[in-house]
Each structure stands twice: as structure tokens, then as C-alpha cells.
Amino acid sequence: MEESIISLSAFSDYFADTLQLKKVDITSYSPLALAYIGDAVYELIIRTKVMNHGSTQVNNMHKKSARLVNAKAQADIIRSLVEGEELTEEEIAVYKRGRNAKSATTAKHATVADYRTATGFEALCGYLYLTGKLERLIWVVSRGLNRIGELE
């Protein structure tokens, strides 16, 4: 099997160059826009983690992913990171902006508090991704999974 030899920062640069992405002031994005991309990035990280456990039926992989890609799990992750003082002041500010953003939608299977808290977590994931802090993003997700007992 082929090993990856490209670093996360090199991947980020390659990604931006190949897609001809322009530099954008990160503060121009609303917290809900950060959450929009953060949701996708977080799900990709979780799916990658699930796939890494070996090939299995897609339905089984979906069930494992769904256990971690929901408002309750995301809220538990960010709460544990905040309580454990694992985040920088800047990261906490981004999280709070996302948490406090007024969304027109709500989750079907989550409390309002968990949904808003999860939106803050997704905003933080989006922020770290868009600022190219991929190593930090992976660390935050990994540490959060570890803190809630989900890192195998």
C-alpha cells in the first residue's frame, strides 16, 4: 500500500494553488459560514478515522460515523475542551461566535443548547481549516475525541 509523503501544510498549499483559491480575510466570514465548512471538514476527519479501522460494510462505517457526527457528540467534545482549558483564547472566541450565532434551523435530534454548542464547534473547525491550521485542527478533534472516550 502506498504511504502518503505530503505534509498537511504542503497539502493545504497544493489544494489552494490547484483550485486557484484567492486569499480571503477570515473575519469576512460569518460564524455560520465557518460552521458550514467546519461541519464538512469534521465529518471528513471522522470518516477518515472510521475508514482507518479497516474495510467493512458501508452501513457499519456509517453507524460508527453517525455516533460522532451529531450535535450531542460535537457539543460534548467542545465542552470537554473548554473545561479542560485545551483551547487558545482566539479559539474560544471563534467557538463562542459560532455558538451565539442565530441560525434559522435546528437539529431534529438535539437540544437547542447542544445544537448551538455544536455549531460553535463546527465554526472552530471551519476557522482552523480555512486559516490553514490543519495540524491544530487534527489535534483539537483528536484531543476532543480522547476526552469524551471515543479515540480508540
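With which residue does R136 form a salt bridge? The views below are drawn from a predicted model.

**View 1. The salt bridge between R136 and E91.** R136 pairs with E91, and the closest N and O atoms lie 2.7 Å apart. E91 is buried, with a relative accessible area of 5%. R136 is partly exposed, with a relative accessible area of 24%.

**View 2. The salt bridge between R79 and D114.** The side chains of R79 and D114 meet at 2.7 Å, N to O. R79 lies in helix 4 and D114 in helix 6, so the pair ties together parts that are 35 residues apart in sequence. D114 counts as buried at 10% relative accessibility, whereas R79 is partly exposed with a relative accessible area of 28%.

**View 3. The salt bridge between K72 and D76 within helix 4.** The side chains of K72 and D76 meet in a salt bridge of 2.9 Å, N to O. The two residues are separated by about one helical turn because they stand four residues apart in helix 4. An α-helix has 3.6 residues a turn, so residues three or four places apart point the same way. K72 is partly exposed, with a relative accessible area of 45%, and D76 also counts as partly exposed, at 25% relative accessibility.

**View 4. A salt-bridge network of E86, R143 and R147.** Salt bridges link E86, R143 and R147 in a network. The count of salt bridges in the model comes to eight.

**View 5. Helix 2 and its cover.** Helix 2 comprises 21 residues, 31-51, and reaches 30 Å from its first C-alpha to its last, close to the 30 Å expected at 1.5 Å a residue. Its buried residues are P31, L34, A35, G38, V41, Y42, I45, I46, K49 and V50. What covers these buried residues includes helix 3 (58-68), helix 4 (71-83), helix 5 (89-100), helix 6 (112-130) and helix 7 (134-147).

**View 6. A nonpolar surface patch that includes F15.** F11, Y14, F15, L19 and L21 form this patch, which together has about 500 Å² of accessible area. F15 lies in helix 1, residues 8-18, and is partly exposed, with a relative accessible area of 31%.

**View 7. T106 in the loop between helix 5 and helix 6.** T106 counts as exposed, at 59% relative accessibility. The C-alpha atoms of T106 and A73 are separated by 16 Å, and the two residues are 33 residues apart along the chain.

Note on methods:
Residues numbered from 1 in each chain as written. Predicted model: local features only at pLDDT ≥ 70, side-chain atom pairs only at ≥ 80, totals over all residues. Heavy atoms only, no water. Patch = residues over 30% accessible without salt bridge, like charges linked within 9 Å, V, L, I, M, F, W, Y side chains within 5 Å. Areas by Shrake-Rupley, 256 points an atom, 1.4 Å probe, with all protein chains shown as cover. Salt bridge = Lys/Arg side-chain N within 4 Å of Asp/Glu carboxyl O. Buried < 20%, exposed > 50% of the residue type's maximum accessible area, 1.4 Å probe, protein only. Expected span 1.5 Å × (residues − 1). Contact = heavy atoms within 4.5 Å.
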